[in-house]
Amino acid sequence: MAVNFPVFRRKFPLLVTGGLLAIQPLATVTAAPGEQFACQPSASGAWDCSSQNSASSVPRPQHGASSVSAGGTAAASGSKSSSSSSSAGEEPKQLVTESSGRGLKSRSSDYSHLDWIPRDKLTAAQQAEMGPYCSGAYVEPTRPGMNDKTPNDEAPTYVSAKVSRYEQEKQVATLAGNVVLRQGSMQVEADEANLHQAENRGELVGNVKLRDNGALIVGDHAELQLDNGAAKIDNAEYVMHQAQIRGSALYAKRQEDAIIQLKDGTYTRCEPSSNAWVLKGNNIKLNPATGFGTATNATLRVKDIPVFYTPYIYFPIDNRRQSGFLAPSFASSTDTGFTLTTPYYFNLAPNYDATLYPHYMVKRGLLMEGEFRYLTRSSEGQVNAAYLNDKNDDREDFPQYTDTRWLYGWKNTSGLDSRWLAQVDYTRISDPYYFQDLDTSLGIGTPTYVNQQGSLTYRGDSYTARLNAQSYQLATVTDVTPYDRLPQLTLDGRLPFNPGGLNFTYSTEAVRFDRDLDEGYYRIDIDNPTLYPRPDTNISGLARANGDRFHAEPGISLPMNRSWGFLTPTVKALYTKYDLDLDSTGKNQLAGKDVLHPNYGEVSFDSSPDRSLGLAKLDSGLYFDRDTTIGGTKFRQTLEPRAMYLYVPYKDQDDLPTFDTGEFTFSYDSLWRENRFTGRDRIGDANQLSLGVGTRFIEDNGFERAYLAAGQIYYFSDRRVQLPGLTDTYIRNYNAVHPNSTVDNADADTWRSPYALTGIYRFNHDWFASSDYNWNPNTHQTDNGNLMFHYQPEADPRKVLNVGYRYRADSKRFNPNTGQFEYGSDEYKIEQHDFSFIWPVLPQWAAIGRWQFDYNQSRTLEAFGGFEYDSCCWKLRLINRYWVDYDDEQFVTSTSKADHGVFLQIVLKGLGGVVGNQVEGFLDQGIQGYRQREDNAM
């Protein structure tokens with residue numbers, strides 16, 4: 001029950017419980033022992049006090065000269081109290097400045113005074129929230145009022161103690177024995193206390209603990225302002241439970257806004273018994289409201305040895321965003337020399353921020369990169385920019401090179417309303433060598449071209465309309481210039497009625513393809529002055545055309561679905577119309593006037609060709625299941641056979657351009673495609689039957705143990721529609737001229753496709769194997785395949801093991817050096833293994849490695865190895881890495897340039913990465929499961 005009279009509410013609200021308060025006016029300064037009262041609140045809310053005649057009926061504490069109850073000078077100031085508390089006959093108090101960054105064992109040998117709970121005494125839920133190598137956690141105990149949101153100046157003060165006395169003339173209440181004061185969410189505990197009513201302050205001595213909003217401050221002596229909660233605690237230790245951080249100070253001040261100020265303070269996330277690292281500052285300020293702290297004259301100490309000094313530092317105390325320097329990174333390479341990056345983060349508002357990345361490169365100068373991110377109610381996006389005045393002159397004679405290097409870009413997604421969506425993805429660079437010479441912190445990677453695209457989409461109830469404009473800028477000099485789509489309009493959907501269950505669908509597109517061929521020269525090697533013609537020089541004949549394309553694809557289908565299967569007949573009409581422009585060079589080449597680019601395909605030019613075709617498809621499938629037991633485990637096994645017949649008549653399409661068309665690599669999914677080509681420029685002729693079957697093994701708890709599927713296509717006619725360079729006419733004429741270096745398209749006239757298999761088997765929740773495999777019965781060899789094992793136990797995701805192998809014998813790809821599609825080129829063959837792991841070898845120590853090797857070129861593509869040390873409060877990685885630098889090469893060869901480096905990463909948990917944060921990038925890309933491992937550790 002609170003004493004809450006109006007006259008006392010703001011000055012000295014006080015509740016005394018447990019039979020402790022003498023409230024009667026006294027004629028003398030102190031109460032005599034014979035006039036003690038036992039007081040209890042009555043039913044009416046007033047005090048009901050009965051006299052205790054015997055002085056021994058109430059236990060009286062023994063007060064020393066330094067006790068606040070003695071009324072001596074020891075309680076006059078915090079500094080005097082702290083010193084006088086170690087009076088004669090008492091053990092001297094250990095100072096926090098003597099603990100070398102550890103917790104004070106003199107207060108509790110098990111550090112329970114800091115709310116430290118050993119790991120084996122935590123609940124399973126609490127252990128799940130901990131790091132894997134932490135031996136315990138700071139757990140805030142449940143207490144009355146801990147979630148009270150009442151402001152201190154409006155909250156009554158609740159007080160309890162074993163015994164008390166009150167001096168009315170001085171208006172001082174003296175409390176002793178398990179003293180507890182609670183005001184709002186704040187609670188203060190001590191052995192003894194003096195409460196000064198006139199000054200609204202209190203003095204506390206002995207085992208002082210102040211708790212408020214997830215923070216604990218422990219000390220020997222404290223001064224407390226009762227009307228606003230401000231406090232000063234001497235010889236202090238503190239804990240912030242949620243962030244799992246702690247520290248100490250000569251004295252700690254808690255302001256009325258809950259900001260904690262530390263004099264000669266420390267900050268660390270290490271366990272109480274550890275001083276692995278400590279940030280020590282002359283003045284430290286921790287602000288729980290913002291989630292950040294500051295320190296002046298700060299020294300980073302490792303094992304109490306100073307390793308770094310800064311006059312000022314701004315650091316996080318939780319995971320909220322705040323402006324300030326991020327961890328620097330160091331690197332070294334042959335292209336840039338030693339590089340130092342010191343990012344600075346700007347927390348501009350809750351919904352937008354910016355980061356500046358200054359990169360100082362010894363060989364090139366200062367590269368300034370920056371990104372601005374924003375999030376609004378309807379939009380999200382990012383703006384990037386970079387600038388460098390490059391002082392390296394190695395490429396000064398390279399075509400298209402400039403020493404003023406720059407980049408800018410904008411990515412944006414805006415939902416204008418529930419139906420309209422606007423998107424932008426635009427990046428531009430100064431020269432095609434930008435990503436070869438410079439590393440970027442903007443998350444762009446090292447592409448062969450940068451995208452420059454904007455689109456507007458409208459989603460109707462039964463249709464989607466999209467306006468798209470897209471172009472590309474090459475970031476290499478050894479690839480052909482891609483076509484731009486300026487603009488592209490699509491309309492796809494279905495009619496909003498279904499008579500007799502029929503679905504009426506449509507797909508339409510109108511697009512303009514345009515590009516300017518660059519037939520200049522380039523240099524590929526700094527040490528080789530030879531100039532090579534750009535690949536655009538090899539573009540000949542119809543491939544040089546620009547033009548418009550219109551495509552319409554209406555269709556009718558009748559889905560018949562049942563629980564045991566489905567049957568869906570479909571018919572479509574496909575019409576495509578072109579309006580083409582071809583330069584004089586291309587026309588002369590088609591006319592046979594260019595001996596360097598003969599027209600082997602006998603292609604002719606028509607400025608407005610068109611194509612009309614029909615398509616018929618019958619897709620069907622069945623579903624069977626049964627209960628079975630394998631190895632003592634019960635499963636629900638399914639059997640899912642599927643058959644699809646596809647018919648598309650042949651039509652000569654050799655005189656049509658290939659603006660955006662290629663051919664899919666054959667896989668199990670290819671069995672169910674309507675067109676074996678990408679894009680709209682080729683529609684494959686088909687008279688074929690696809691047969692496949694899949695099976696699943698599902699446990700009673702829903703866990704899918706395995707999935708396996710296999711199938712094959714049976715062809716009733718040859719595939720006569722082919723890409724340029726692979727048509728019958730081209731192959732016949734080319735081989736007649738080059739009998740010693742013939743080309744072929746072996747799979748165009750076979751009566752069956754390769755066998756396609758796919759599957760995944762989960763040995764348990766910890767590891768699985770997945771594979772795709774295509775075996776060609778016509779050549780009696782494997783066309784392509786892969787096999788991947790991944791192990792990462794749920795109970796200990798720190799363990800990661802990946803073993804993989806992939807093989808590709810034949811591929812249909814466009815060769816920029818010939819301007820034609822090719823099949824079976826050895827340069828595009830792939831035979832690689834990939835082995836990677838992160839594996840604990842000792843407690844807190846783990847080995848890290850990856851080895852990716854290409855058997856076709858007999859060389860390592862990437863290899864790194866090293867170790868990791870991880871503890872509750874810091875982490876270190878040291879890794880030696882070798883990798884192939886692709887530069888401008890389209891594929892890896894035995895002479896491709898390689899690079900290597902040694903990378904060191906140090907992370908101080910609770911403070912951030914100190915050095916080497918670029919290690920995260922290649923570990924995340926190179927080791928499957930790495931990101932899950934790190935997220936779990938956090």
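Q: Is cysteine 270 buried or exposed, and at what relative accessibility?

A: Let's start with the idea: buried means under 20% relative accessible area, exposed means over 50%, and partly exposed lies in between (1.4 Å probe, protein chains only). Cysteine 270 comes out at 0% relative accessibility, so it counts as buried. This is a predicted model, where local features need pLDDT of at least 70, side-chain atom pairs count only at pLDDT 80 or more, and totals for chains, interfaces and linings use all residues. Residues are numbered from 1 along each chain as its sequence is written, and side-chain values use heavy atoms, with hydrogens and water left out.

Q: Which cysteine forms a disulfide with cysteine 270?

A: A disulfide is a pair of cysteine sulfur atoms within 2.5 Å. Here the partner is cysteine 873, and the two sulfur atoms are 2.1 Å apart. Cysteine 270 sits in the loop between strand E14 (260-267) and E15, while cysteine 873 sits in the loop between E50 and E51, so the pair ties together parts that are 603 residues apart in sequence. Those labels come from DSSP runs numbered from the N terminus: helices (H or I) have at least four residues and strands (E) at least two. At 3% relative accessibility, cysteine 873 counts as buried.

Q: Why is the disulfide of cysteine 270 and cysteine 873 right-handed?

A: Look at the torsion about the S-S bond: it is about 80° for this pair, so the disulfide is right-handed.

Q: How many disulfides does the structure hold?

A: There are two. Cysteine 134 and cysteine 872 form a disulfide with sulfur atoms 2.0 Å apart. This pair links distant parts of the chain, 738 residues apart: cysteine 134 is in the loop between helix H3 (124-128) and strand E5 (136-138), and cysteine 872 is in the loop between strand E50 (859-870) and strand E51 (874-884). Both cysteine 134 and cysteine 872 are buried.

Q: Where is threonine 290, and what does it touch?

A: Find the loop between strand E15 (277-287) and strand E16 (292-302); threonine 290 is there. Contact means heavy atoms within 4.5 Å. Leaving aside residues up to four places away in sequence, threonine 290 touches Arg320 and Gln322. Its relative accessibility is 31%, so threonine 290 counts as partly exposed.

Q: Which residues of helix H7 are buried?

A: In H7 (residues 919-926), Val919, Phe922, Leu923 and Gly926 are buried. Viewed down the axis of H7, these buried residues fall within an arc of 100°, so they line one face of the helix. The arc is that of the directions from the helix axis to the C-beta atoms.
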